[in-house]
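Please keep the sequence and the structure in view while reading.

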Amino acid sequence: MSLPQENTLSRQPAPAAKPAGQPQGAPHEEPGRHWFIDRPKVYAADVRGTFRRIKWAALVVLLAIYYITPWLRWERGPGIPDQAVLIDMVGRRAYFLWIEIWPQEVYYLTGLLIIGAFGIFFATTLAGRIWCGYACPQTVWTDLFMWVERKIEGPRTTRIRLDKAPMTGAKIARKTAKHAAWLGISLLTGGAWVFYFNDAPTLMNELLHGQITSGVATFIALFSFTTYFFAGWAREQICIYVCPWRSFQSAMVDEDTFLVTYEDWRGEGRAPLRKSQSWEDRQAAGLGDCIDCKQCVHVCPTGTDIREGQQISCIGCGLCVDACNDVMRQIGRPLDLVRFDTQSNQIAKIDGKPERVKLVRPRTVIYSLIMLVVACAMGIALLLRPTLDVSVLRDRAPLFVALSDGSVQNAYTIKILNKTHIARDYAVTVNGLTGASLSVVGNETAGSGASLTLKAAADSVATYRVFVKVPAAAVKSGSTDVAVIAKDQGSGEVGRHVSVFMAP
């Protein structure tokens, strides 16, 4: 089941010619225009119903998570940030509750991205663009901005008249109040985002006293501007023209995917309802339940006319379902002329066959298994991940040094990563060389000989330059594989890194 790339179908008479530059078939034509893309402005009306309540609940929960999370505390010990979720760019750590991620463990971020991507694939296969309609940040903040707009400028018809009206003091006051509220929300949004990268109470104190750095101020301004522009001005145009997901979704849905669907077999042909006309007369005239009130179009945040079939501009929010059901109640007709349904169910209804819900399908099984495998792999890796890591870099210039007594020496840079929160001592040895002697440049306390004792401070990387010398009697020509072993003298944990020893 594929989605058309443009909304070009129409069951209405051909519209009058439009001015040059205005796209044909543009949804929801009104006098105001966006400046981001030259297309009619969408004046979304308010609506009440089941899906509107779900959207409000999703908005409140998601915004609460976004704004509250940086203030949650998690005790990790002395000298360690106690913010539950923190991306510490200075300390080069990421903290998520009890989990601490180092830069070397960026693969965990890769795993999260894979789970997130296939989670959206899974949701799309089940219910189309349900992510776009309820959980996408663009949708959530646009919904909030539109609510503010309705509260300040009034309902849909009032906003249309206001935009048509000449500039007056009252109009300037309303517009100013709306944009001031939008800017306030944008600043709160930008500020909250920066809290994820800094200790929230400390940064808030600096903000209140005007002591923030230029870098923090720049990022707050950047995130505030993008929020104001995307949610206030661009709005549905991000969903229609910018977001790549609108194109991907057609490859994710099939005949068993639940999508916002207009039952044209029941609603066509459309015509306004006359008071003198009975439903029997309408049916005899070949008219359906759709009275062409356009309420489904008026409430749509992207201006989509769902009666024209599936379109890439539909974000699957279901507000048109609420609007149509409200009209059906008023005129005494059965509900769900517009509903969430599958293509297979629509065909079954027309043929008089029973409907079916088929959630377990090859796509849903594959996506679920991928998410499960990646999640289990990440969980096992977290449970088994070491607190010690060793990396070794051999000097390439010179490859080796031949000493006067015939022995050969190589130089290495050894880095010991101590992921624990206490200082550790490590016994470092080299396997694969007979009679090898180790020494540390500028560190007599580490000792010398077959083993070294190297220290690493808590939660840090210790770097040492180490010489490895092999006596002449044991030198092998060319390259010899060796392993540098570091053993935690407290816990016994061992870290290992493979390298080579070069000789003439």
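## Packing of α4 and α8

In this predicted model, the axes of helix α4 (residues 137–153) and helix α8 (residues 214–234) come within 8 Å and cross at roughly 70 degrees; the two helices are therefore roughly perpendicular to each other, a label given to angles of 65 to 115 degrees. Axes are lines fitted to C-alpha atoms, for helices over the stretch in contact, with angles from 0 to 180 degrees between N-to-C directions, while helices (H or I, at least four residues) and strands (E, at least two) are DSSP runs numbered from the N terminus.

Contact here means heavy atoms within 4.5 Å, and on the α4 side Gln-138, Trp-141, Thr-142 and Phe-145 meet Thr-227, Tyr-228, Phe-230, Ala-231 and Gly-232 of α8.

Leaving aside residues up to four places away in sequence, Leu-203 touches Val-194, Phe-195, Asn-198, Ile-212 and Val-216.

## Backbone features in loops

A cis peptide bond, with omega about -5 degrees, joins Glu-268 and Gly-269, and Gly-269 sits in the loop between α11 (264–267) and α12 (279–284).

Asp-459, in the loop between β12 (451–456) and β13 (460–470), has a positive phi near 55 degrees.

## Basis

Residues are numbered from 1 along each chain as its sequence is written, and side-chain values use heavy atoms, leaving out hydrogens and water. Local features need pLDDT of at least 70 and side-chain atom pairs count only at pLDDT 80 or more, whereas totals for chains, interfaces and linings use all residues.

Notes:
Angles under 35 degrees count as roughly parallel, over 145 as roughly antiparallel, 65 to 115 as roughly perpendicular and the rest as oblique.
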